[in-house]
Amino acid sequence: MTSDTAPKTNEMCCSSTDCSYLTELKSFIRDVTKDAVTNSETEGGGGGAGVTGNTAVVGNGIGELRTRNNAETYLVKESEELQAEVLVYVWQKLSSCNCPDHFRLGLSQLVKNEILSELNNAKVREDLMETSKQINTESQDAEQLKCFDLLKLQKFISQQLDKILLRLSDNSKEDDLKTYADCQDEKRRKSASSYIPLCTVMQVKNKPRKMEDRNVCLPRFGELYGLENQYGFFGVFDGHSGALASTYAANQMPYLVAKHLKEFKITACQTETDFYRDVLEASFLKADANFAQKSLGSGTTAVCALLKYNNNISSNSLSANHLYVAWVGDSRCLLVSPTVSLQLVKAHKPDSIDERKRIESIETGGAVVFVHGQWRVNGIINVSRSIGDHSVKAVIAEPDFVDVPLQASHDFLILGSDGLWDHVPESDVVKCTYKSLADKQQPLENIPKQLIELAKKGDSQDNITVMLVLLKDRSNIIENYTKSVEKST
């Protein structure tokens, strides 16, 4: 069981014998191995936060399942889904416990490869696998497959990660630590001409009984999945009827997008925009089709942002220069500059003219019914497109798509579930974010919390997820904003 999705690590950390980054890594390993069991987060919005170089994560929203009901899980196919589950979970675990950014890629590769190797062990496989009935749509015969149970798999990954970090805490392994570093790349990324977006995300359970939102935040997506170009990938998934669909989408979507970026080629009659539209659409539809085979009743909205970075080798610079967004449902993405805020998502609601026409067409045979204060497909679901929801034929997973060439004036993205957007005017979201960014005493990871509080004041009863992606350095954003304000006065 091998993989080519993770990047290669450097042979040496730095030319100098004393690498300052190693001190940071040793401190991290020492801290997390003091008491491994304290690394787990509390459920919902009460979990601890961590600024992790490019990512800050709060709460149970990183593709992890937490449940008191062992039936609330799904089975992971070894052939198509296992690597995706392992890679995302390892990366997010390292992110949530503050692994230094310049070692995270190398350590992710180490942990992933060792876990995949361990999963070849017959005893381990026996403990983690369950039997699933896979339906062959052509013959309608039920095929018995052995699949990994997600809850057991995630627990196993956490245990293996703890063991590996404990092993690396051995002083005799210090020289080995250098092989997991990418310090030269880190220096390039921190140079004045280079910038990889910082991402911070927070979510709260709020009034519902369960947290069904999930998210994925991968500023170094291209490096993590071994792509030729440099990308960032960000997604918010608002689940309903349970968290299985949102968990599945958060874990599988990055892998599917990377897979299609590798496999698809731009044809002579295609534009680059067409290419990325095809990649994202194929990824959404494949995630939906794979989830349908699990015969689970859950569904999820999805908004995914793919940032393409320019990679000017001659000038040794790196920065985001193009944005591609695809979505189903009503989670949204706002692109913000000091003068203009552009809502990139037109929500898929059953009562919109185009969606209602499609739903009620003779071919689809659905209905739009007003139930419990909302327009719903067949009186059940209040979004007309989603991943999952396969019991309702009229609800489809075909995403809409927009692309935006990024300008110097663009400062940040805000992705969020409808628990935010339905209760806070976009102008207030923008104003609050700029105000918080300008407050130097305000840690970056606390800014989404301010927006969540606004949503609560606006009487939001739903799960709330807010993700902030900075497209340039924070000081440059404030300088940009200040100049704009001065010009307008």
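Which residue in β8 is the bridge partner of arginine 214? In this predicted model, the partner is phenylalanine 237. The contact belongs to the pairing of strand β7 (residues 213–218) with β8, which is antiparallel and runs over six bridges. β8 also pairs with strand β9 (residues 299–300). That pairing is antiparallel too, over two bridges. Here histidine 240 has glycine 299 of β9 as its bridge partner.

Strand β8 spans residues 231–240. Is β8 largely enclosed or open, and why? Of its 10 residues, 10 are buried, so the rest of the structure largely encloses the strand. In a regular strand, side chains alternate between the two faces of the sheet. Both faces of β8 are covered. On one side lie Tyr231, Phe233, Gly235, Phe237 and Gly239. On the other lie Gly232, Phe234, Val236, Asp238 and His240. Every one of these residues is buried.

Salt bridges were examined next. Side chains of opposite charge can pair when their charged atoms come close. The count comes to 18 salt bridges. One of them joins arginine 104 to aspartate 101, with the closest N and O atoms 3.8 Å apart. Both residues lie in helix α3 (residues 101–118). They are three residues apart, about one turn of the helix. Arginine 104 has a relative accessibility of 0% and therefore counts as buried. Aspartate 101 is at 7%, and the cut-off for burial is under 20%, so aspartate 101 also counts as buried.

Glutamate 114 pairs with arginine 167, and their closest N and O atoms are 2.7 Å apart. This pair links distant parts of the chain. Glutamate 114 is in helix α3, arginine 167 is in helix α5 (residues 150–168), and 53 residues separate them. Glutamate 114 counts as partly exposed because its relative accessibility is 27%. Arginine 167 is partly exposed at 33%.

A further salt bridge brings together the side chains of glutamate 360 and arginine 356, at 3.4 Å from N to O. Glutamate 360 has 39% relative accessibility and counts as partly exposed. Arginine 356 is partly exposed, with a relative accessible area of 27%. Some salt bridges share partners. Such bridges join Asp101, Arg104, Arg220 and Glu223 into one network.

Backbone angles were also considered. Most residues other than glycine have a negative phi. Asparagine 206 has a positive phi, near 65°. Its place is in the loop between β6 (198–204) and β7. Histidine 372 likewise has a positive phi, near 55°. Histidine 372 sits in the loop between β14 (368–371) and β15 (374–377).

Histidine 372 is at 73%, and exposed means over 50%, so histidine 372 counts as exposed.

Definitions and conventions: Residues numbered from 1 in each chain as written. Predicted model: local features only at pLDDT ≥ 70, side-chain atom pairs only at ≥ 80, totals over all residues. Heavy atoms only, no water. Salt bridge = Lys/Arg side-chain N within 4 Å of Asp/Glu carboxyl O. Helix = DSSP H or I, 4+ residues; strand = E, 2+ residues; numbered from the N terminus. Buried < 20%, exposed > 50% of the residue type's maximum accessible area, 1.4 Å probe, protein only. Pairing = 2+ DSSP bridges.
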